[in-house]
Amino acid sequence: MDAFISPQSADYSGSRTDTLANAVYLRLVTPLGSYWQDPTLGSRLHELQRLKDVARVAVLARQYAEQALAPLLDDGRAKRIAVTTERQPGRLALHIEVLDASGRTQTFQHPVKVA
């Protein structure tokens, strides 16, 4: 069990988790290549903040999220990851469904700000 990082506060919440919530959260919010210990950890989602809210940005967001979460499949912690997007004014909502190694399905929401 890991200390749970709250996506709302981006800080430890004081509770524990046995899900992939921390792994998913850290891979999505960390800019790709910025973590000194593992340069492959992270995503390119931060690059979308400067782009206009058009349909192709939703496709890029889904691709960037899938690339960032692929290591969870590679190391066997997840069996399947599905990412969908929903366009909202000024942001995208990523809906992520992860089937973990134990067979539990976990769902996560992640907002992506766009211009």
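1. The element that contributes the largest share of the lining of the largest pocket is β5, with 4 residues. In this note, helices (H or I, at least four residues) and strands (E, at least two) are DSSP runs, numbered from the N terminus.

2. The model is predicted, with local features needing pLDDT of at least 70 and side-chain atom pairs counting only at pLDDT 80 or more, while totals for chains, interfaces and linings use all residues. Residues are numbered from 1 along each chain as its sequence is written, and side-chain values use heavy atoms, with hydrogens and water left out.

3. The largest pocket has a volume of about 200 Å³, and of its 13 lining residues Gln49, His110, Pro111, Val112 and Lys113 are the closest to its centre. A pocket here is an open set of points on a 1 Å grid over the protein atoms alone, where a 1.4 Å probe fits, with protein on both sides within 12 Å along at least five of seven lines, and lining residues have an atom within 4 Å of a point. Grid points are joined across faces, edges and corners, and a volume is the space filled by probe spheres set on the points.

4. Both α1 (21-29) and β5 (105-113) supply at least two residues each to the lining of the largest pocket, which divides into 6 nonpolar, 5 polar and 2 charged residues. Nonpolar covers Ala, Val, Leu, Ile, Met, Phe, Trp, Tyr, Cys and Pro, charged covers Asp, Glu, Lys and Arg, and the others, Gly among them, are polar.

5. The second largest pocket holds about 150 Å³ of space, and its lining includes Asp2, Ile5, Asn22, Leu26 and Arg77. Here α1 gives the largest share of the lining, 4 residues.
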